[in-house]
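Biologist: I am new to this structure and would like to learn how to read it. Could you walk me through it feature by feature?

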Amino acid sequence: MGQLSLKNVIKTFGKFEVVKGVNLDVGEGEFVVFVGPSGCGKSTLLRMIAGLEHTTGGDIVIDGKRVNDLPPVRRGIAMVFQSYALYPHMTVFENIAFPLRVEGAPAQVISEKVEAAAKILHLESRLQQKPGMLSGGQRQRVAIGRAIVRAPEIFLFDEPLSNLDAALRADMRIELTKLHKQLGATMIYVTHDQIEAMTMADRIVVLNAGYIAQVGAPLELYHKPQNLFVAGFIGNPRMNFLPAICTGVSDAGVEVEVMGQRLSLPVAPRPGIGGASLTLGIRPEHIAPGTGEAVVRVIPSVVEHLGQQTIGYAAVPGREDSFCFVLPGTRAIEDDKPFDAGFAAADCHLFDADGQAFERRVDMTTLSVPVGG
Amino acid sequence: MALFRDENTPMIDRYRWWEVAGIYAGIFAFLFFLLAPFLEGFLVSLRPLSQLFTSPYRFIPENGSFEAYSGVFERLPNFWRFVFNSFLISTAVTVAVLLLVVPAAYAFARFSFRGMAPVLGAFLAVSMFSGAVLLIPLFRLMRTLGLLNTYWAMIIPGVAFLIPSAIWLLRTYMMRIPVELNEAAYMDGASQFYTFRRVILPIASPGIVVVAIMTFIGAYSQQFVFALTFNSKTEYMPLPIGLFAFFGKQEVVWNQLMAAAFMGIAPAVIIIFFLQRYLVGGLTAGAVK
């Protein structure tokens with residue numbers, strides 16, 4: 001159990017519409033991540049699933065039952081807050097035991113369950129301490145402990161790692177993935193950090209301004225973004241966008257002219273787009289120096305040498321966002337010197353004037369993680 | 001702020017010698033202004049009555065003694081009864097105020113409801129009146145209710161006039177408790193009342209202690225006017241009224257009056273020092289990031 005459906009869910013605060021009709025099915029045991037820029041409604045959506053916010057319109061269905069008007073406990077849901085929200089006057093033991101105390105569970109059961117939860121989260125030696133004495137990572141684990149002790153069917157996480165430093169965040173990410181395997185429960189996780197989304201999710205839900213922009217497996221979003229928003233949001237540094245003009249359509253794909261060069265892109269063509277202005281997208285990591293089917297000469301104003309990568313940022317005439325390229329390894333590239341950025345047509349994405357993608361002809365089986373060895 | 005520096009004192013806390021001298025001079029001036037009446041009162045209580053009206057006046061008593069302190073009990077055999085009454089009234093007021101104000105402050109801090117702002121404003125407006133302004137209507141009210149010459153006549157108005165400031169004080173404190181704690185408790189299945197009792201009350205306890213101290217002091221100092229007006233029975237008199245016994249027709253027994261005042265205040269001071277130990281800050285440490 002632990003199947004969740006959102007049916008045309010809407011949330012308005014006064015006249016301001018935050019969530020504008022979201023439809024989503026989350027399967028049992030799935031790890032789903034909501035990502036999006038701040039203000040996209042992802043936290044509000046999570047709080048509605050939790051029962052902390054009233055749902056203005058639509059239905060929230062858990063295991064076939066409409067739960068709009070049920071309190072969180074009766075929805076079979078537990079939530080981990082961004083700020084941990086630990087009870088500062090209680091010991092770690094009492095914090096984790098709190099949901100059981102509310103239920104009025106017998107002392108024997110409480111101590112068994114709390115110790116089991118503490119064991120999973122490596123908190124055995126901390127049970128008698130107060131939250132104020134713990135480190136950030138430990139506090140986060142106590143908050144998770146309070147969620148798992150009740151053995152809910154669905155876990156909700158509201159940006160649980162954003163208060164931790166980078167190294168600890170990476171550790172907790174791995175621990176959360178392990179926890180998901182261990183418990184097998186449905187987890188819904190809100191974050192604005194796309195690394196968390198890409199690494200932990202079975203499926204990612206990208207939200208933009210109250211709508212779902214795209215739902216899909218992490219690599220699907222990376223390789224086949226359905227629109228400009230997802231293309232720009234997933235991937236870091238973000239995808240470069242160049243203005244392009246459609247010059248012809250063939251069975252092989254769409255021919256475009258971009259910055260004075262002709263390219264034939266292997267994307268699903270649509271009728272009647274000859275002469276239309278389109279947007280070509282190319283990821284910074286798909287750019288190679290000097291070679292490729294298309295070569296764009298740019299002058300990087302800033303070059304970052306990370307050792308593992310070399311990243312350059314250049315201004316493009318007529319566009320506000322800069323053109324970025326990422327080269328593997330340490331390269332001898334200087335700022336304010338011309339650089340020839342080459343890329344292959346097969347790596348390009350193409351979007352129409354409304355920002356909708358032309359479907360790329362890529363074989364997802366070769367681009368996805370192999371299943372079952 | 002560290003006035004005396006050693007090599008570990010950070011730059012921001014370092015002062016020149018004349019700055020230190022200035023700070024201490026300022027502290028001394030304020031404290032002297034505040035404490036001089038108490039000092040003189042204490043010195044008066046050590047002096048025989050005849051020395052009090054000598055000219056030129058001298059602050060330091062010659063052959064001072066604690067004779068006046070024992071004299072209090074001869075002139076005022078039920079002195080301890082008055083002290084007890086003062087305590088009883090103040091304690092009852094404090095308990096009643098806390099019982100009413102703690103849930104009210106929580107409601108004002110956490111819930112928003114129609115008419116909340118006017119009610120809070122009204123509380124503020126009421127506390128601008130001193131009790132003395134409303135003595136006549138209060139007297140009629142007490143007479144109608146048949147409460148004159150009882151402890152209630154001193155407790156009820158005391159409670160009424162101390163509630164507004166207590167609500168404002170505690171509400172501010174409770175607003176600083178993170179709302180996430182309420183939400184977390186709600187997610188864990190706790191009812192509003194359970195959350196209030198098990199989560200909010202313990203965290204708010206330093207604020208409640210502050211309100212208790214303020215209310216106790218307030219009740220102790222304001223009972224004079226109510227006791228004077230609404231009570232004429234000796235056995236219910238609080239200390240400030242009891243001290244009227246030292247105002248004779250011919251003369252005022254100043255040294256015993258001062259001695260009695262000091263003895264009457266002493267227990268209250270001790271209680272407040274005791275409560276102060278519970279004023280620990282940072283109780284919410286570790287609750288949210």
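Modeller: Gladly! Let us begin with the make-up of chain B: there are 10 helices and 0 strands in it. Following the sequence, the pattern reads α-α-α-α-α-α-α-α-α-α. Please keep in mind that this is a predicted model.

Biologist: How do I read the overall shape of chain B, and what radius of gyration does chain B have?

Modeller: The idea is to set the value beside the one for a globule. For 289 residues, a compact globule would have a radius of gyration near 19 Å, whereas chain B has 24 Å. The C-alpha trace of chain B spans about 75 × 70 × 30 Å along its principal axes.

Biologist: What percentage of the residues in chain B is buried?

Modeller: Of the 289 residues in chain B, 29% are buried. Taking contacts in chain B between residues at least 6 apart in sequence, 78% join residues at least 24 apart.

Biologist: Into which domains is chain B divided?

Modeller: Chain B has domain 1 (11–70) and domain 2 (74–276). Over C-alpha atoms, the centres of domain 1 of chain B and domain 2 of chain B are separated by 31 Å. In the contact, 10 residues come from domain 1 of chain B and 9 residues from domain 2 of chain B.

Biologist: Which elements give two or more residues to the side of domain 1 of chain B that touches domain 2 of chain B?

Modeller: They are helix H1 (17–45) and helix H2 (67–75) of chain B. H1(B) provides the largest share of that side, 4 residues. Sorted by class, the residues on this side of domain 1 of chain B are 7 nonpolar, 2 polar and 1 charged.

Biologist: Now the two chains together. How many residues of chain B are in contact with chain A?

Modeller: There are 21 residues of chain B in contact with 25 residues of chain A. On the side of chain B that touches chain A, helix H7 (179–187) and helix H8 (192–230) of chain B each supply at least two residues. H7(B) gives the most to that side, with 6 residues. The class count for the side of chain B that touches chain A is 14 nonpolar, 3 polar and 4 charged. As a general point, the size of an interface is often given as the accessible area lost when the parts come together.

Biologist: What does the domain assignment give for chain A?

Modeller: For chain A it gives domain 1 (4–228) and domain 2 (229–367). The C-alpha centres of domain 1 of chain A and domain 2 of chain A are 36 Å apart. Their contact takes 15 residues from domain 1 of chain A and 19 residues from domain 2 of chain A. The elements giving two or more residues to the side of domain 1 of chain A that touches domain 2 of chain A are strand E9 (203–208), strand E10 (211–216) and helix H8 (218–223) of chain A. With 5 residues, H8(A) gives the most to that side. By class, this side of domain 1 of chain A has 7 nonpolar, 6 polar and 2 charged residues.

Biologist: Let us look at one helix in detail. How many residues does helix H4 of chain A have, and how far does H4 reach?

Modeller: Helix H4 (residues 107–120) of chain A has 14 residues, and from its first C-alpha to its last it reaches 20 Å, close to the 20 Å expected at 1.5 Å a residue. A helix can also be read by its faces. In H4(A), the buried residues are A:Ile110, A:Val114, A:Ala117 and A:Ala118.

Biologist: Which elements do the buried residues of H3(A) pack against?

Modeller: They pack against H4 and H5 of chain A. The buried residues in H3(A) include A:Val92, A:Phe93 and A:Leu100. H3(A) is followed by A:Gly104, which has a positive phi, near 80 degrees.

How values were computed
Residues numbered from 1 in each chain as written. Chains lettered and ligands numbered in written order. Predicted model: local features only at pLDDT ≥ 70, side-chain atom pairs only at ≥ 80, totals over all residues. Expected span 1.5 Å × (residues − 1). Buried ≥ 20, exposed ≤ 12 C-beta atoms within 10 Å, placed from the backbone. Rg over C-alpha atoms; globule rule 2.2 N^0.38 Å. Contact = placed C-beta atoms within 7 Å. Domains from an automatic or database assignment. Nonpolar A, V, L, I, M, F, W, Y, C, P; charged D, E, K, R; others polar.
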